[in-house]
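Dear colleague,

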Amino acid sequence: MRKEFWFLSTLSLEGLLTKCENCGNWKEDDKPLCYDCWLKSKNIKKGIKTALTKDKPQIKYTYQNFREKHKEGLKVRTKHGLLVRSRIERTIAEFLTDNGIIVQYEPTLILDGQKLHPDFYIQAIGIYLEHWGSDEPDYIQNRRKKEDIYKKHNIKYISTEESDVDNIYDKLKIELSKYGINKTEWK
């Protein structure tokens, strides 16, 4: 117990660990709130949210259930506290959040009776963001199926590739500007 306290106090003195000002949980950044408390402060609900319209498919955001079921793959934490599956997803999430673009990570999208889980959903403009990070045959086949379903239902999405990793910020700026998100200064 004493070693654990010494370890936590050393990390907190170095600014590597801080306590959330709201709930008091330890977190690995210098932000005042943990990710969950930040979501609450921004009034973003993590529960199920359903959008039904005549011209749009049924969209369900089951943030908690899907993430809990597949949390073993969530190994990378953003500086804002969000757990994601890869370093490039962390880079994308941090870029969007730093620039004031609120995203949902891996929402459940139900189309043609299938549950799809796009990487990100940008609520403000109703756009999904997919990062295609592999060239394995099964992955490519699933990608094609997903893209066909998106086209069939006129789902708008931004697509990044593994080849975009070196210039991911420029790629995201260009793609976001196509949907009306233009900034004079990007972070």
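In what follows, buried means under 20% relative accessible area, exposed over 50%, and partly exposed in between (1.4 Å probe, protein chains only). Residues are numbered from 1 along each chain as its sequence is written, and side-chain values use heavy atoms, with hydrogens and water left out.

The protein chain has an average pLDDT of 77, and 72% of its residues score at least 70. Over residues 1-15 the pLDDT stays under 50. Where pLDDT is low, the predicted coordinates should not be read in detail.

The structure holds 9 salt bridges (a side-chain nitrogen of Lys or Arg within 4 Å of a carboxyl oxygen of Asp or Glu). In one of them, arginine 85 pairs with glutamate 106, their closest N and O atoms being 2.7 Å apart. Because these two residues lie in separate loops, the pair ties together parts that are 21 residues apart in sequence. Arginine 85 is partly exposed at 29% relative accessibility, whereas glutamate 106 is buried at 4%.

Arginine 143 forms a salt bridge with glutamate 161, with 2.6 Å between the closest N and O atoms. Here arginine 143 is buried, with a relative accessible area of 18%, while glutamate 161 is partly exposed, at 26%.

Lastly, Asp164, Lys171, Glu175 and Lys178 are linked in a network of salt bridges.

With kind regards

Note on methods: This is a predicted model: local features need pLDDT of at least 70, side-chain atom pairs count only at pLDDT 80 or more; totals for chains, interfaces and linings use all residues. pLDDT is the predictor's confidence in each residue, from 0 to 100. Contact means heavy atoms within 4.5 Å. Helices (H or I, at least four residues) and strands (E, at least two) are DSSP runs, numbered from the N terminus.
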